[in-house]
Amino acid sequence: MIPRTLFSSDHELFRDSVRKFLEQEAVPYHHQWEKDGHIDRQLWNKAGEAGMLCSHIPEAYGGMGADFLYSTVVIEEIGRLGLTGIGFSLHSDIVAPYILHYGSEAQKQKYLPKLVSGELVTAIAMTEPGAGSDLQGVKTTAVLDGDEYVINGSKTFITNGFLADLVIVVAKTDPKAGAKGTSLFLVDAGMPGFAKGKRLEKVGMKAQDTSELFFQDVRVPKENLLGQAGMGFAYLMQELPQERLTVGVGALASAEAALQWTLDYTRERKAFGKAVAEFQNTRFKLAEMATEIQVGRVFVDRCLELHLQGKLDVPTAAMLKYWGTDLQCKVLDECVQLHGGYGYMWEYPVARAWADARVQRIYAGTNEIMKEIIARSL
């Protein structure tokens, strides 16, 4: 197989520590978290102590000032172990960059150290009951009243929503201005009028807390505006390539894990007097998956290289998100089939990974939207 050349010995040492942490602190409890509908809140604090949160944040704000490959390691190890309940990447690689890139110095000093330590769990509230991939269709409003904005609206499908202490809320400050009327706000969970709805029961990713959020006359100080008023849509567009990269990275890690589980299973499982792996159909399916995963791995790593250089553009990130998640779903479906009836049993990791994977083609912009983005660039 083509060797990976991105990671230094320091990255690999970090990978070992992340894997040990997850095997000790998450793997034994994930099944219970699936029943609970959320992970243990203490895992966030433990992860902060272990340096697994927001590693890219500069040392001035409590982080390590590390490159994005440290985040990549965390995403890959979570994906390989099937720990889809853990929303670290959304917190570290999606929410934190908004504060780092667009926040005031006071906002950075106030929030970033607590994101690094796990003292604050974060979420970003984009999706609404009537607005998903179409972010310009957001109906939540933020009306300036003296020194405060008054936020009204609702959000749904919010990852980390149930445990979140701090939420970036996408709202319209000028409903008549289209995309240029959208702004971002930092909303603390304890603010009056901010309520969390029920945890949503999903087909997969059952341990990931996904909630509805409601805002009824929530009064937010003007200084909680993130960046400039009316620039929210532009900020979202600038940050989405990294979000889509994280989805692609996780997709390939999940596919690799599923292939390994299936190799192990088909070597041990007997049918008609021999191992399932000895049948030509099985061997050809495994060969096809191994090849496509290798192609995907090379593409992911090249996208990571471009991202480290600040050169990963929107269409390429869209290609990775759509193609990588399509591949993930295809591989997992084949792997379930090769497991036979056991592949449909929840106790087998391949069954949970299959159910968990399906939403990857929907969130962070549907794969149909990804194709539209790519087509516009041609």
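Start by selecting residues 9–119: this stretch is 67% helix and 0% strand, and its end C-alpha atoms lie 30 Å apart. Keep in mind as you look around that this is a predicted model. In UniProt, an unreviewed entry annotates residues 9–119 as "domain: Acyl-CoA dehydrogenase/oxidase N-terminal".

Next, pick out helix α1, residues 9–25.

Now show the side chains of α1. Which residues here are buried? They are His-11, Phe-14, Arg-15, Val-18, Phe-21 and Leu-22. Turn the view to look down the axis of α1: the buried residues fall within an arc of 130°, so they line one face of the helix. The reason such spacing works is that an α-helix has 3.6 residues a turn, so residues three or four places apart point the same way. On the face turned away from the buried side, find the exposed residues Ser-9, Leu-13, Lys-20 and Gln-24.

Leu-22 leads on to the largest nonpolar core, which has 85 residues. Leu-22 is one of those with the most contacts inside this core, along with Ile-86, Phe-88, Tyr-98, Leu-115, Ile-124 and Ile-168. A second, separate core has 19 residues, including Ala-123, Tyr-149, Ile-151 and Phe-185.

Finish at Tyr-98. Beyond its neighbours within four places in sequence, Tyr-98 is in contact with residues including Gly-103, Met-126, Leu-184, Tyr-235 and Glu-239.

Methods:
Residues are numbered from 1 along each chain as its sequence is written. This is a predicted model: local features need pLDDT of at least 70, side-chain atom pairs count only at pLDDT 80 or more; totals for chains, interfaces and linings use all residues. Side-chain values use heavy atoms; hydrogens and water are left out. A nonpolar core is a set of buried Ala, Val, Leu, Ile, Met, Phe, Trp, Tyr and Cys residues joined through side-chain atoms within 4.5 Å. Buried means under 20% relative accessible area, exposed over 50%, partly exposed in between (1.4 Å probe, protein chains only). Contact means heavy atoms within 4.5 Å. Helices (H or I, at least four residues) and strands (E, at least two) are DSSP runs, numbered from the N terminus. The expected span of a helix is 1.5 Å times one less than its number of residues. The arc is that of the directions from the helix axis to the C-beta atoms. UniProt positions are given in the numbering used here, feature names are shortened, and annotations may be inferred rather than shown by experiment.
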